[in-house]
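Let's walk through this model one piece at a time. Keep the viewer open as you read.

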Amino acid sequence: MTITLQLSDKTLADIARNVAKYPPEQKQSAVMAALIAAQTEVGWVSSDVINIVADILDMPAIAVDEVATFYNMYNTKPIGQFKLVICTNLPCQLTHGETAATYLKETLGIGFNETTPCGTFTLKEGECMGACGDSPVMLVNDKRMCSFMSKEKIDALLNECRAEGKVS
Ligand code: FES
């Protein structure tokens, strides 16, 4: 196994901070936090990320990979600059969630788990975000929650992302 990736000191410190929350014999409990820290730096969970996290936590790489592929907050392949996750669980579907999802797909010209050719947007469907009363609900780059996403609000959000993407 050859690892070419080198995580930054900041990311390694973040992982170490999370590992320190658990007794040494249970440091594998930090696997989710470690994957998030590495993904924040790298953008996705590559095989190098899997192997580095496995090394740090003394876990088999396959066990780390199982965590990364089970939860949809981990990007198991490279994604666009803006990751848009729309909740498609039933409560949201019953309150215009499906309409918003269809509009996003049509507007971006991509399906779920796809990235626009320009690399700006990746669209994913997500599980309940605990804000069913605010449907349609979206999450941008795993951090920014957007509620009541009408077509107009989706248009505004996409335009904001496009503008932000151009300056960064
Ligand atoms: S079902 Fe969509 S936020 Fe709960």
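Start with two helices in contact: Ile50, Asn51, Val53 and Ala54 in H3 meet Ala61, Val64, Asp65 and Ala68 in H4. Contact here means that C-beta atoms, placed from the backbone, lie within 7 Å. By class, the residues of this H3 and H4 contact are 6 nonpolar, 1 polar and 1 charged (Ala, Val, Leu, Ile, Met, Phe, Trp, Tyr, Cys and Pro count as nonpolar, Asp, Glu, Lys and Arg as charged, and the others, Gly among them, as polar).

Before going on, some ground rules. This is a predicted model, with local features needing pLDDT of at least 70 and side-chain atom pairs counting only at pLDDT 80 or more, while totals for chains, interfaces and linings use all residues. Residues are numbered from 1 along each chain as its sequence is written. Helices (H or I, at least four residues) and strands (E, at least two) are DSSP runs, numbered from the N terminus.

Back to the pair: the axes of H3 (residues 47-57) and H4 (residues 61-70) come within 8 Å and cross at roughly 120 degrees. That makes H3 oblique to H4. Axes are lines fitted to C-alpha atoms, for helices over the stretch in contact, and angles run from 0 to 180 degrees between N-to-C directions. Angles under 35 degrees count as roughly parallel, over 145 as roughly antiparallel, 65 to 115 as roughly perpendicular and the rest as oblique.

Now look at H1 (residues 9-19) and H2 (residues 31-42), which pack at about 165 degrees with their axes 9 Å apart. That makes H1 roughly antiparallel to H2. On the H1 side, Thr11, Asp14, Ile15 and Asn18 meet Ala33, Ala34, Ala37, Ala38 and Glu41 of H2. The residues of this H1 and H2 contact split into 5 nonpolar, 2 polar and 2 charged.

Zooming out, the domain assignment (automatic or from a database) gives domain 1 as 9-70 and domain 2 as 82-167. Their centres, taken over C-alpha atoms, are 28 Å apart.

Next comes the sheet. Its 5 strands are open and mixed, in the order E2-E3-E1-E4-E5, where pairing takes at least two DSSP bridges between two strands. E2 (114-115) and E5 (144-146) are the edges, each with a single partner strand, so one side of each has no neighbour in the sheet. E1 (residues 82-87) runs antiparallel to E4 (residues 138-140), joined by 3 bridges. Val85 has Leu139 in E4 as its bridge partner. Helix H5 (residues 90-108) packs on the sheet, touching E1 and E3 (121-126), and its direction makes about 150 degrees with that of E1.
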